[in-house]
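Hello,

Here is the structure we talked about handing over. Please look it over; my notes follow below.

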Amino acid sequence: MNYEQFFTDQIKALKEEGRYRVFADLERKMGEFPKAINHYHGGEREITVWCSNDYLGQGQNPEVLNAMHEALDKSGAGAGGTRNISGTNHYHVLLEQELADLHGKEAALVFGSAWVANLTTISTIAAMVPDMVLISDAKNHNSMIEGMRHSRAQKLIFRHNDLKDLEEKLKSVDPARPKMVLFESVYSMNGHIAPIKEICDLADNYGAMTFIDEVHAVGMYGQRGGGVCEREGLNDRLTVIQGTMAKAFGVVGGYIAGSKDMCDFVRSYGTGFIFSTSMPPTVAAGCLASIRYLKEHNEVRERHQERSQTLKTRLIAEGLPVMDNPSHIVPVQVGDAVLCKQASDMLMDEFGIYVQPINFPTVPRGTERLRFTPTPLHSDEMMDHLVDSLKTVWDRLGLKFQKAA
């Protein structure tokens, strides 16, 4: 077999389908977020980032940066090992205590990323609990899917946010078998929010554990930033709450929160945790400072929600096809992979606006979209420029506008 030709052919197929991914070479400008420098083949240019997961701009919060500088001076660059072998720094301990408090849980456990947190936790629990059945929302993130796959446990998929279908799946399982219902609070590509209380009610009725991914909600919902579960007073209903420090908290790393014994179980048996070098003390210190800051500054969340709603309202008023949802996500549907990439390229090249095209497999074919994530730091002037630019791009590409309701 010609291995190199195989690789070449697979990449060619992606390009022909219009979903080959091109990375934007960005240099974030300290103190000027969401502005950045885009390095490209012709040189460099200043652009405005409209698709960052640094939802609240915490990645440049001076309190976060100062904490990281201080930790670097005190503890050096790396952690020095796995958590078990010399790699547990005091910052890790404090961070886990802070996360447990954020979610009103007994304990928390920190991972290098939220992807690893999901993969490790789901695969460990589902593989070790005898005869476990996993019941998963159809729109769950890849990391949750990989966790289920690696567990080799039986899985059932219920239609997205469909309580009736979830109950049918629960009914189909022997009442004596262990079960876990897996879902997200905010689904990042369409902005949907799960009916958490009702899912928990069904799980309780049928004796199932609950696992919620709050990655796109922690920091941004709830009076202290504990996510949608905190906002709705449901922290105590979830067996496992999983989250990230890479989005609203502006740094990097993932975690789970729950009972002391559950976290200790994953710590003791989860190979993705046991064999991974722990996050650097500087990173843990930055996460800790960001969480503490957002617990005390609800006005940042209020501004974020206002910016999101303002952008949705303005785009809808211009007939741009915003996909309706109750969260902070602002997806604008294109429906074609090639046109979606062309729209993204035009926005960057001609208008200095960066928004990444979202294509298959992240979303189903035919639902390709531009996904905007306004932050508290996106000004009215930036929105004016974005709306005008999008209208021009839509006209030039012959994309459909929506009629006013």
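The lining of the second largest pocket holds eight nonpolar, five polar and five charged residues. (Ala, Val, Leu, Ile, Met, Phe, Trp, Tyr, Cys and Pro count as nonpolar, Asp, Glu, Lys and Arg as charged, and the others, Gly among them, as polar.) A pocket here is an open set of points on a 1 Å grid over the protein atoms alone, where a 1.4 Å probe fits, with protein on both sides within 12 Å along at least five of seven lines; lining residues have an atom within 4 Å of a point. The lining comprises 18 residues, and Val22, Arg45, Asp345, Met348 and Asp349 lie nearest the centre. The top contributor is α13, with five. The space in this pocket is about 330 Å³, a volume filled by probe spheres set on the points, which are joined across faces, edges and corners.

This is a predicted model: local features need pLDDT of at least 70, side-chain atom pairs count only at pLDDT 80 or more, and totals for chains, interfaces and linings use all residues. Residues are numbered from 1 along each chain as its sequence is written, and side-chain values use heavy atoms, with hydrogens and water left out.

Now the sheet. It is open and mixed, with four strands in the order β1-β2-β3-β12. Its edges are β1 and β12 (353-354), each pairing on one side only. (Helices, H or I of at least four residues, and strands, E of at least two, are DSSP runs numbered from the N terminus; two strands pair if DSSP finds at least two bridges between them.)

β1 (residues 25-28) and β2 (residues 35-40) run antiparallel, joined by four bridges. Leucine 26 is partnered with asparagine 38. Six residues separate the two strands of this hairpin, and glycine 31 in the turn has a positive phi of about 80°. β2 and β3 (residues 43-49) are also antiparallel, with six bridges. Alanine 36 pairs with isoleucine 47, and lysine 35 with threonine 48. The hairpin from β2 to β3 passes through two residues.

Last, the cores. A nonpolar core is a set of buried Ala, Val, Leu, Ile, Met, Phe, Trp, Tyr and Cys residues joined through side-chain atoms within 4.5 Å; buried means under 20% relative accessible area with a 1.4 Å probe, protein chains only. The largest has 57 residues, of which Leu95, Leu99, Val181, Phe183, Ile196 and Met245 touch the most other members. Helix α11 (residues 281-296) gives the most to this core, with eight. A second, separate core of 32 residues includes Leu315, Val330, Val332 and Met348.

Best wishes

Technical notes: Buried means under 20% relative accessible area, exposed over 50%, partly exposed in between (1.4 Å probe, protein chains only).
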